Amino acid sequence: MHGNYKVASQVFDIPSSSKQRKLAILIGVLIISVSLVALPFGMTALPATETFLSAAIGWLIFGDMLTAFIIYSQYRASGLPALLVLSCTYLYSGLMTFLHILTFPDLFGGFGEMIGAGGQTAGWLWVFWHSGFSFGILLYAWVNRKWSKPLSSKEMIFNYGTAGITLTLLSVFAVFELTALGDRWLPDIIQENDYRKLNTSGIGPVLWILNFFALMAVWRRIKGWSMLHLWLAVAMLALLMDVTLTLFAGMRFTLGWYVAKINSVIASTVVICAVVNEVNRLFIRLSEQHRQLMESGLQLEHANEQLIRLTNLDGLT
């Protein structure tokens, strides 16, 4: 168990290199700069490009689900409860994104209405998607601080993992039921692609504050600038800019809305890209060590052959 814990910890607890920190700062500056430049023109209406929306949402779902799978694999190897929380957070985000795109108006020919979605469902799913992800990050930071020791047995790891995934699926189902079947109980937040009621109702500002606190929670958990927390902070920054531009734009298919979707893609894929890159670096180092070991073996074998020839020529030697 302890051996597996050390191996898993090497993946996510690797101190980030100076090059990684510079790259993360560069990406963070670009995210903030592009978002701030787009902010004054955020309400500029642009053509409704459903292809862009489908591609962006597809990347979101792929990034979230793959990240959830990789982090869950690390949880099974290490038994760290915080990794389970983080994995379930990305799983929740991926499933909510999937439901959001299914219920998006006029995107799948009224399929949303077939599964019971109303006119407000997609908008409310967006709210619960972003608030739920931020809440999951806050919970991850808390568990990481309060429960840093791994679970003691494989049975506990399995039981906790099963419970976490089940609770996540039930949460997604409950949110969908609330936003679809309970559409008449929730206040209207969108009218013909206009969702400025999010701001006037106070829901938007509360959502922004929740995302901001999630970013601060990750920032405070950066111990020695570990690889995971470094890129998780970049993801939360992109998500905060996503919420900022979306709320400011006030309508779908505006410049701010499109740039916000790009920030969403960054938020969902930056962690998994960093993990894949780190695993690739570890594989390259392992391959290099294997090559050096093979060369050392060949040199040793050659030295043994020379020693055998010398003994055959000179018995005293």
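A: Before anything else, a word on terms: helices are DSSP runs of H or I with at least four residues, and they are numbered from the N terminus. The model here is a predicted one, and in it leucine 83 lies in helix α4.

Q: Ok, and is leucine 83 buried or exposed?
A: Leucine 83 is buried, because its relative accessible area is 6% and buried means under 20%.

Q: How far is leucine 83 from isoleucine 71, in sequence and in space?
A: The two are 12 residues apart in sequence, and their C-alpha atoms are 6.3 Å apart in space.

Q: Stepping back, how many helices and strands are there in the protein chain?
A: The protein chain has 11 helices and zero strands, so that, read from the N terminus on, its elements run α-α-α-α-α-α-α-α-α-α-α.

Q: And what share of the residues is buried?
A: Of the 317 residues in the protein chain, 46% are buried.

Q: Back to α4, how does it pack with α7?
A: Helix α4, which covers residues 81-102, packs with helix α7, residues 154-180, at an angle of about 30 degrees, and the axes of the two helices are 10 Å apart. That angle makes α4 roughly parallel to α7, because angles under 35 degrees count as roughly parallel.

Q: What is the handedness of that crossing?
A: The crossing of α4 and α7 is right-handed.

Q: New topic: where is serine 268, and is it buried or exposed?
A: Serine 268 has its place in helix α11, and with a relative accessible area of 2% it is buried.

Q: What about tyrosine 258?
A: Tyrosine 258 is also found in helix α11, which spans residues 255-313, and it counts as buried at 10% relative accessibility.

Q: Why does leucine 39 count as partly exposed?
A: It does so because its relative accessibility is 22%, and partly exposed covers the values between under 20% for buried and over 50% for exposed.

Q: Last one: which residues make the nonpolar surface patch?
A: The patch, of about 570 Å², is made by Trp208, Ile209, Phe212, Phe213, Met216 and Trp219. Tryptophan 219 lies in helix α9, residues 203-220, and at 48% relative accessibility it counts as partly exposed.

Technical notes. Residues numbered from 1 in each chain as written. Predicted model: local features only at pLDDT ≥ 70, side-chain atom pairs only at ≥ 80, totals over all residues. Heavy atoms only, no water. Patch = residues over 30% accessible without salt bridge, like charges linked within 9 Å, V, L, I, M, F, W, Y side chains within 5 Å. Areas by Shrake-Rupley, 256 points an atom, 1.4 Å probe, with all protein chains shown as cover. Salt bridge = Lys/Arg side-chain N within 4 Å of Asp/Glu carboxyl O. Buried < 20%, exposed > 50% of the residue type's maximum accessible area, 1.4 Å probe, protein only. Axes fitted to C-alpha atoms, helices over the stretch in contact; angles between N-to-C directions. Parallel < 35°, antiparallel > 145°, perpendicular 65-115°, else oblique. Left-handed = near helix turned anticlockwise from the far one by under 90°.
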